[in-house]
Amino acid sequence: MGFFFLLFPSFTDSRSLHSLCYQSFSSRSSSVSEDFIPSAVSIEALTGQGGSAGSGVVLTQDGYIITNAHVVAGASEVRVIFHNNQRMSASLVGFDAAEDLAVLKVDAQGLTPARFGDSNTLQVGEPVAALGDSLGYRATLTNGIVSSLVREVEVDGITMALIQTSAAINFGNSGGPLLNQYGQVMGINTIKIVTEDGSAEGLGFAIPSARIKYVADRLIAGEEVQTGVFGFTVNTVPVEGGGLELIDVEEDSGAWASGLRPGDILAAANGAPISGIEDLTLVKLGLGPGDTVSLTYLRNGERFTVDVALIAR
């Protein structure tokens, strides 16, 4: 089994670049795709070894664009192709390999920015669609569902918290959007799992929109992107009645300062019940060091609620 980033390895000819391939998404698929197309872009990255291509999403009307970091890694020149086939040179604003996100900037005004939804509102089984330049066929739309709200996937030694989807994701989809049925960006497509015998199907992954906003804002501001953690360890098997037991609490963490101790049972985060470790992962996707989460815990039959500041990791 292997993980493959979804670059298209070489540029296609103009006939392929001009192709538009749509697949059924839902009864609203035609409207969703047509409305979103002006916000979708193709990315060409030139390197010393040749070129590669991927997809991207317009963030702002004045030229900021989001894509995957691996799409533009090592590029000496980057070009963006818009829905009307206009090509523009792009500069690299910010890049974070650990998050696999990069922000580009083109000299333009009046672009159509994408609408971003809140990935934390997704439900397992909800219909979604992946849009991007699959194998060089521009604006290919493939439908599927949300298979999991959060999967911790390790790629090149880095663990990423990703949305899992059954929507077909192919080479060239990197940096393209995962859309909900209302045309909102719920994630950025990044990797798929393949096996040597081809037995793995429908195992695609996208970076959640909650994390995209946090990272993109910092890259545009020229700030360092840091991961915020609670500073404690929990038993991943829920206790009877729900909640997670604290196994260890770091003494220099905000959790310790707020009074949490090993043996406490975490019952809720920001008022929502904790049923598994994924709930703790989701609640901090859009947060960083110094941001706080309201945690409710049980100790000796009593219930307490405290604000816990995340620490850098």
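Reader: How many cavities of 30 Å³ or more does a search of the whole structure find?

Author: A cavity is a set of points on a 1 Å grid over the protein atoms alone where a 1.4 Å probe fits but cannot get out. In this predicted model, the search of the whole structure finds two cavities of 30 Å³ or more. The second largest cavity holds about 40 Å³ of space, a volume being the space filled by probe spheres set on the points.

Reader: Which residues line the second largest cavity?

Author: Lining residues have an atom within 4 Å of a point. Here they are S119, N120, L122, L149, I163, P208, L282 and L285. Six are nonpolar, two polar and none charged, with Leu, Ile and Pro counted as nonpolar and Asp, Glu, Lys and Arg as charged.

Reader: Which residues of α4 are buried?

Author: Buried means under 20% relative accessible area (1.4 Å probe, protein chains only). In α4 these are S209, A210, R211, I212, Y214, V215, A216 and L219. Their cover includes strands β4 (64-67), β6 (87-96), β7 (101-105), β12 (185-194) and β13 (204-208), judged by contact (heavy atoms within 4.5 Å).

Residues are numbered from 1 along each chain as its sequence is written. Local features need pLDDT of at least 70, side-chain atom pairs count only at pLDDT 80 or more, totals for chains, interfaces and linings use all residues, and side-chain values use heavy atoms, leaving out hydrogens and water; pLDDT is the predictor's confidence in each residue, from 0 to 100.

Technical notes
1 Å grid on protein atoms, 1.4 Å probe; cavity = no way out; pocket = protein on both sides within 12 Å on 5 of 7 lines; lining within 4 Å. Buried < 20%, exposed > 50% of the residue type's maximum accessible area, 1.4 Å probe, protein only. Helix = DSSP H or I, 4+ residues; strand = E, 2+ residues; numbered from the N terminus.
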